[in-house]
Amino acid sequence: MKVLTQLHLANAWGVIQEGLACEAFPGAAVGVASSKEVLFLKAGGFSRIEPSQRPMHQDDVFDLASLTKPMATAAALLRLVHLGRLSLNEPVSAYIKEWRRPGLSHITIRHLLTHTSGLPAWFPLYTKAANQDEVLTQISKLGLVYETGSRVEYSCLGFIVLGILVERVSGLTLSTACQELVFSPLDMMETAYLPLETLKVDPERLVYNEADNLVEKSMIQRAGFSFSNWQEGYRVGTPNDGNACYAMEGISGNAGLFSTARDLLIFGQAWLNSLSGHKKEFLSPSLAWAAVSNHTPGLNSARGLGWMLFRDTLITQEEMSLPPSMIPYLTPPPYLTPSPRSSGELLSKKAFGHTGSTGTSLWIDPEKDLVMTLLTNRLHTKTKMDLNTIRARFHNAVITDLGL
């Protein structure tokens, strides 16, 4: 199969051009691939519009936000399962002694990966904690807000705990563990936490998000907390997420990963090849299929191990245009407003994916042998347009452009 040009995906690229024209985002980098090759890779708009304009390039580096969950934390944990270092049904307390207490000791790794642990969706840990030990203490004090296993509630806190668990099991920092277990084996050479330090990335390649922590400031104001150690201005190279930035020093299980469109395609291709059994070094087919199977049948949302599943018919919190951690503090709740699924409607029932509040997304369809990534800097603008509308139209147009 030959590498396609933008003419072959004219409708899909037209959706991106529409998003740029209506200022839904200043810039975007998009990619489409099969399991064997990159089919489409293109960038448009601007990676920043303040303090000066800079055109977006295909190899620009994005803050992935919650895509960190499946690409770093969940992937590292699955690799540890693949290597025989742990099992999914083990209690978290087996590795995190701080959880060997009533009310927490029964929670398993699977519960956290599927967002069914009972932990709250979000809490501004950085208002009370400045290091890992203090973060664990604060999460433990919060307790559970629903019975474990009774429903799905998307929780950034649960993935912060999972990031710490990766460190306890591997004996490495989360950043190093993800590099050694996931990114280096897959030749994802431009994916890392704190890219200015770890990858020595040219600062001009870093895509701008919001300035002055406006989202986090609004969140903690609504939640009734205060914080005074804000980093002002544009903080390129550090995560937009407050807990990842301030409580976890930029390296967290819930957010903080940076990458490029091409590296996201490589990651998606690794999943397609593991699921098909063509390349078993990353994950065995059995483990890969287990990760993208529905672990929450009968509950309010269908979840895999770190992944959203296409057959989930409900809009989930992480798919909101606003950051998911802000959802509990908004009135009226925006998730009561009809909104398209980020995946669109034309993927197969075997598809899985995830989104990030900075404007990023990745969807993988093993039945159609397809990977699609749409990376934007939606927080670098004041638009109120629903990004999921553009995501859905883009994914649908890719399917029709390719004749699938």
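Residues are numbered from 1 along each chain as its sequence is written. In this predicted model, local features need pLDDT of at least 70, side-chain atom pairs count only at pLDDT 80 or more, totals for chains, interfaces and linings use all residues, and side-chain values use heavy atoms, with hydrogens and water left out.

Me: How many aromatic pairs does the structure hold?
Reply: The structure holds 16 aromatic pairs; rings of Phe, Tyr and Trp (its six-membered ring) pair if their centres lie within 6.5 Å, and planes under 30 degrees apart count as stacked, over 60 as edge-to-face and the rest as tilted.

Me: Why is the pair of Tyr126 and Tyr246 called tilted?
Reply: The ring centres of Tyr126 and Tyr246 are 5.7 Å apart and the planes stand at 50°, so the pair is tilted.

Me: What makes Tyr126 count as buried?
Reply: Buried means under 20% relative accessible area, exposed over 50%, partly exposed in between (1.4 Å probe, protein chains only). Tyr126 has a relative accessible area of 4%, and is therefore buried. Tyr246, with 12%, is buried.

Me: Why is the pair of Trp271 and Phe352 called edge-to-face?
Reply: The planes of Trp271 and Phe352 lie at 65°, with the centres 5.7 Å apart, so this pair is edge-to-face. Trp271 is buried at 1% relative accessibility, and Phe352 is buried at 0%.

Me: Which residues form one aromatic cluster with Trp271 and Phe352?
Reply: Phe267, Phe282 and Trp307 form one aromatic cluster with Trp271 and Phe352.
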